[in-house]
Amino acid sequence: VGNTGLAVTDGDAAAAEAVAQAVLDAMWARRHAFELEAMTPEEAVPAALQRAGRVLLIDTPDSIGGGASGDAPALLAALLRHAPQVESALAIVDPA
């Protein structure tokens, strides 16, 4: 997990290297601004309810996009417990 980038110039490798290094330096200087607070599903759902607009909750340890099985019901349980009235969508794998 991390950032990646590509510098494209018109055949000027030195310029591409300079631009890429400048972007890398800027990202490194701001690296702490990219950190997100980690929460359990039981903490995240009530916190999300306090925000205006749509909120994206990601169960990172069970993310099917990251290669996990996607069968943990913790986020679903927290949604049903704290926000049964809120329209939600989530992917969960039923191994049965």
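# Reading the terms on a predicted chain

Visitor: How do you know whether the protein chain has the radius of gyration of a compact globule of 96 residues?

Guide: In this predicted model, the protein chain has a radius of gyration of 19 Å, whereas a compact globule of 96 residues would have one near 12 Å. The radius is taken over C-alpha atoms, and the globule rule is 2.2 Å times the number of residues to the power 0.38. The C-alpha atoms fill a box of roughly 55 × 35 × 20 Å along the principal axes.

Visitor: What should I know about the numbering and the cut-offs of the model?

Guide: Residues are numbered from 1 along each chain as its sequence is written, and side-chain values use heavy atoms, with hydrogens and water left out. Because the model is predicted, local features need pLDDT of at least 70 and side-chain atom pairs count only at pLDDT 80 or more, while totals for chains, interfaces and linings use all residues.

Visitor: What makes the pattern of the protein chain, read along the sequence?

Guide: The chain has 3 helices and 0 strands, which gives the pattern α-α-α. Helices (H or I, at least four residues) and strands (E, at least two) are DSSP runs, numbered from the N terminus.

Visitor: Why is Leu 76 called partly exposed?

Guide: Leu 76, in helix H3, has a relative accessible area of 30%. Buried means under 20%, exposed over 50%, and partly exposed in between, with a 1.4 Å probe and protein chains only, so Leu 76 at 30% is partly exposed. Ala 77, which also lies in helix H3, is partly exposed as well, with a relative accessible area of 30%. Across the protein chain, buried residues make up 10% of the 96 residues.

Visitor: Which residues is Leu 76 in contact with, leaving aside its neighbours within four places in sequence?

Guide: Leu 76 is in contact with Leu 90 and Ile 92, where contact means heavy atoms within 4.5 Å.
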